[in-house]
Amino acid sequence: MSRTASLYHSTVGKKVLMAVTGLILFLFVIGHMLGNLKVFEGPESFNQYAEFLRTMGYPLIPRYGLIWVGRIFLLAAVGVHVYSAWQLWVRSRLARAEGYRKVKDLSFSYASRTMRWGGVLILLFVVYHILHLTTGQAHPDFVPGDVYRNFIVGFSNPLVVGFYVVAQVALGLHLYHGVWSMTQTLGASHPKYDRWRRSTSGALAIVVVVGFVIPPVAVLLGLLS
Ligand code: HEM
């Protein structure tokens, strides 16, 4: 087996894949959260921004070329992230069945269980979210291209905002543990840095949750219309 193949099959290799794809998704989430805050600049600015994202690179490259490259890249990152998580979970279950029957690290198993179910909830949320605000099948009155209007109408329903808030809290918990694990896998684990890693992961998770939750709640409170 080549060195790359044996690294891929090793637990460390899978953790590295999870960390790298997790970092890619994390950067997307930060960018997306900051972009959403542009909704406070008003309909024209927000719709222009959305159009810019869709047509980036045009006319140098085809009109929707870059956004599709981005979508495929993100989808691949999600696929590798989820598949590696699944493989690591199967591996840890097999290892547990063979040994460690008595010794159980409860805090670790709690964290990893939250990661698993939180991850599934986030996946379900993203599917609903795309049908809600990108393709419109889950939106009560979708107008293609009028992202601002779709945003305001979409978040006028308290149940929808409630689901978004729950999903963002799940995302925040996932990021809290995920950023911590990622920095560990990528080599920043040292007693000297551990407190700093813990507080940075927590602060980043809080910023992401608050940043995402503010615009839908502002719509619900009538601060955006
Ligand atoms: C309160 C939280 C969120 C709000 C208000 C929000 C808002 C939006 C809006 C308005 C769009 C449509 C943009 C357009 O059509 O131009 C969009 C698309 C999208 N959002 Fe979110 N989003 C949120 C959270 C998230 C999260 C947590 C994720 C991923 C973990 C995510 C992933 C996506 C994806 C993948 C798209 C589709 C992009 C595309 O292919 O065009 N969103 N979001």
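Student: In which helix does G118 lie?

Tutor: Helices (H or I, at least four residues) and strands (E, at least two) are DSSP runs, numbered from the N terminus. In this predicted model, G118 belongs to helix α5. Residues are numbered from 1 along each chain as its sequence is written. Local features need pLDDT of at least 70, side-chain atom pairs count only at pLDDT 80 or more, and totals for chains, interfaces and linings use all residues.

Student: Is G118 buried or exposed?

Tutor: A residue is buried if 20 or more other C-beta atoms lie within 10 Å of its own, exposed if 12 or fewer, and partly exposed in between, with C-beta atoms placed from the backbone. G118 is buried because 21 other C-beta atoms lie within 10 Å.

Student: Which residues does G118 touch, apart from those up to four places away in sequence?

Tutor: Two residues are in contact if their C-beta atoms, placed from the backbone, lie within 7 Å. With residues up to four places away in sequence not counted, G118 touches A170, L173 and H174. As for W86, it stands 32 residues from G118 along the chain, and their C-alpha atoms are separated by 14 Å.

Student: Where is H81 found, and what does H81 contact beyond its neighbours within four places in sequence?

Tutor: H81 is part of helix α4. It counts as buried because it has 20 C-beta neighbours inside 10 Å. Leaving aside neighbours within four places in sequence, its contacts are M18, T21, G22 and L25. H81 and L17 are 64 residues apart in sequence, yet 7.0 Å apart in space, C-alpha to C-alpha.

Student: Why does R149 count as partly exposed?

Tutor: R149, in helix α6, has 15 C-beta neighbours inside 10 Å, and therefore counts as partly exposed.

Student: Which residues of α6 are buried?

Tutor: They are V147, Y148, N150, F151 and G154. These residues lie on the same side of α6 because they cover an arc of only 165° around the axis; the arc is that of the directions from the helix axis to the C-beta atoms.

Student: How many residues are in the largest nonpolar core, and which touch the most other members?

Tutor: A nonpolar core is a set of buried Ala, Val, Leu, Ile, Met, Phe, Trp, Tyr and Cys residues joined through C-beta atoms within 7 Å. The largest one has 19 residues, of which L171, L175 and V208 touch the most other members. At least two residues of this core come from each of α2, α7 and α8, and α7 gives the most, with nine residues. Not counting residues up to four places away in sequence, V208 touches V29, I30, M33, L171, G172 and L175. A second, separate core of eight residues includes V147, Y148, F151 and F155.

Student: What surrounds the ligand?

Tutor: A residue is near a molecule if its C-beta atom, placed from the backbone, lies within 6 Å of it. Here 20 residues surround the ligand, and the closest are A50, L133, T134, Y164 and F212. The elements giving two or more residues to this shell are α2 (11-36), α3, α5 (106-133), α6 (147-154), α7 (158-188) and α8 (191-220). The largest share, five residues, comes from α5.

Student: How many residues of that shell are nonpolar, polar and charged?

Tutor: Ala, Val, Leu, Ile, Met, Phe, Trp, Tyr, Cys and Pro count as nonpolar, Asp, Glu, Lys and Arg as charged, and the others, Gly among them, as polar. The shell around the ligand has 14 nonpolar residues, five polar and one charged.

Student: Which residues does a cis peptide bond join?

Tutor: Most peptide bonds are trans. In this model a cis peptide bond joins Y58 and P59, with omega about 10°. P59 lies in the loop between α3 (43-55) and α4 (65-98).

Student: What average pLDDT does the protein chain have?

Tutor: pLDDT is the predictor's confidence in each residue, from 0 to 100. The protein chain averages 92, and 93% of the residues score at least 70. Among its elements, helix α1 (residues 3-9) has the lowest mean pLDDT (82) and α6 the highest (98). Where pLDDT is low, the predicted coordinates should not be read in detail.
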